[in-house]
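Please keep the sequence and the 3D view at hand while reading.

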Amino acid sequence: MPRKVVITGLGATTPIGGDVPTMWANSLKGVSGARTIEADWVQRYELPVTFAAQITTPASEVLTRVEAKRMDPSTQFAVVASREAWRDSGIEEVDKDRLAVAFATGIGGVWTLLDAWDTLREKGPRRVLPMTVPMLMPNGPAAAVSLDLGARAGAHTPVSACASGTEALHVGLDLIRSGKADVVMCGGAEAAIHPMPIAAFAAMQALSRRNDEPELASRPYDTDRNGFVMGEGAGALVIEAEEHALARGARIYAELAGTSVTADAYHITAPDPEGLGATRALKAALFDARAQAEDVVHVNAHATSTPVGDKPEYTALKAALGSHVHDVAVSATKSQTGHLLGASGAVEAVMTVLAIHERKAPVTINLDNQDPEIPLDVVTAPRDLPQGDIVALSNSFGFGGHNAVIVVRNV
Amino acid sequence: MASNEEILSGLAEIVNEETGLAPESVEMDKSFTDDLDIDSISMMTIVVNAEEKFGVRIPDEEVKNLKTVGDAVNFISGAQA
């Protein structure tokens, strides 16, 4: 039997709350984090999309001015979330040579990169900040978290677009099972609400353009869904070898029972319409967790609210869970948070862990007319999950054909 | 043309902005590395900000000679003359 791995600390900064208690309370209530963007660049560039789901608590309220100055916003979010998760874990002493980091991002320091480009063009090379490279590199969040915690058992950065945050847990689980670490700070961070990524995602027709009603724009599974809503933020989870957690008398939220990552090898952006890669990921994750389809009571779905994306996930769930798929409480929390890209899997993992721990499924908002081709049991009002031994899944899929699934079990 | 006192206080503001060090800790005889714990990346940021603030050019090869705050103040003062 591989080492059992448990989750002992949670952190988040999101469009529906700047910490885990606020985010979780809002996710059960059902609120939208989407708002019109107040920045002047929306008008200046005449962006076709004028809203996004921005974080509720600026990192500058949590970090010192000097800390924030040396970090891209994506790294700021990672440090904010990981500090909360670390405090929450209650770890006081740990062998730093056995403490690793697996902190993902989809895009990395895009604000820093493009600000530096503007500076170069407007003011010349002398004015490009010497901190530009460490701030823009995609391993910046992982490196900053490693530095902050003194974690020396490796600082990893899974990059698989919107599957990145979930893949971080896959990497973390492997590090502990293989004996390379006892504790891993896992997570994902993204800060890409910048005019260029908005223009680029809009160019590929991926974003909702419901500019007049931002809070109604993210509507997974609804017949009127027309694209995702850009989100930002970070999620962080302290995962730990069970014996390590027990030895220090830790509060254990849940078991990270299994993970899986597959690739579609089908198309660079379009999901395989049969959901074959996702099906393999779901089956492999359940096998890895030694769980049966019938054990699954809850799924935090990837469900981004795009016309083409939501259905193949249903196809895959049906293929992996069989007729039991209709007995599973499915939450599409991007309806509230928007799509946090490389951070989404980490934030949704935090919600999935709390769903198991508190036995409550967060709600899906804006589901007015459910797509008849996706007959899932979608949670639209707070719902209790069953007592007894239960398992939940969280799915993430990314451009490039990346499929990542985690399995969370009660302890 | 700024006096040495004005250059020192301007430099102290730049150091404070970059590192969070109290401006009054930035004194003429303090070493940037040994006393103020300023690394090379912060030093380059301080240099570029000082160039803009005081309207001078501090060549990269000169930066390694600026060991103390006083060295920097004197260089800037000389460059302005």
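## Surface and burial in chain B

Chain B has an accessible surface of about 4,200 Å², and 49% of that area belongs to carbon and sulfur atoms. The model is a predicted one, and the values in this report were computed from it. Of the 81 residues in chain B, 41% are buried.

## The fold of chain B

Chain B contains 4 helices and 0 strands, so that, read from the N terminus, its elements follow the order α-α-α-α. Its radius of gyration is 11 Å, close to the 12 Å that the globule rule gives for 81 residues, so chain B is as compact as a globular protein of that length.

Taken along the principal axes, the C-alpha atoms of chain B fill a box of roughly 30 × 25 × 20 Å. If one takes the contacts in chain B between residues at least 6 apart in sequence, 59% of them join residues at least 24 apart.

## The overall build of chain A

In chain A the secondary structure consists of 14 helices and 15 strands. A compact globule of 411 residues would have a radius of gyration near 22 Å, and the 20 Å found for chain A agrees with this. The C-alpha trace of chain A spans about 60 × 50 × 40 Å along its principal axes.

Buried residues account for 61% of the 411 residues in chain A, while its accessible surface comes to about 15,300 Å², with 53% of it belonging to carbon and sulfur atoms. Among the contacts in chain A between residues at least 6 apart in sequence, 80% join residues at least 24 apart. Chain A carries 35 positive and 48 negative side chains, and the centres of these two sets lie 5 Å apart.

## Helix 4 of chain A

Helix 4 of chain A covers residues 73-89, and at 1.5 Å a residue its 17 residues should span 24 Å, which agrees with the 24 Å between its end C-alpha atoms. This helix is mostly covered, since 13 of its 17 residues are buried. After helix 4 of chain A comes Gly90(A), which has a positive phi near 70°.

## A residue in helix 2 of chain B

Is Ser40(B) buried or exposed? Ser40(B), which lies in helix 2 (residues 40-54) of chain B, has a relative accessible area of 57%, and because exposed means over 50%, Ser40(B) is exposed. Ser40(B) and Glu52(B) are 12 residues apart along the chain, and their C-alpha atoms are separated by 19 Å.

Notes. Residues numbered from 1 in each chain as written. Chains lettered and ligands numbered in written order. Heavy atoms only, no water. Helix = DSSP H or I, 4+ residues; strand = E, 2+ residues; numbered from the N terminus. Rg over C-alpha atoms; globule rule 2.2 N^0.38 Å. Buried < 20%, exposed > 50% of the residue type's maximum accessible area, 1.4 Å probe, protein only. Contact = heavy atoms within 4.5 Å. Areas by Shrake-Rupley, 256 points an atom, 1.4 Å probe, with all protein chains shown as cover. Lys, Arg positive; Asp, Glu negative; His and termini not counted. Charge placed at Lys NZ, Arg CZ, Asp CG, Glu CD. Expected span 1.5 Å × (residues − 1).
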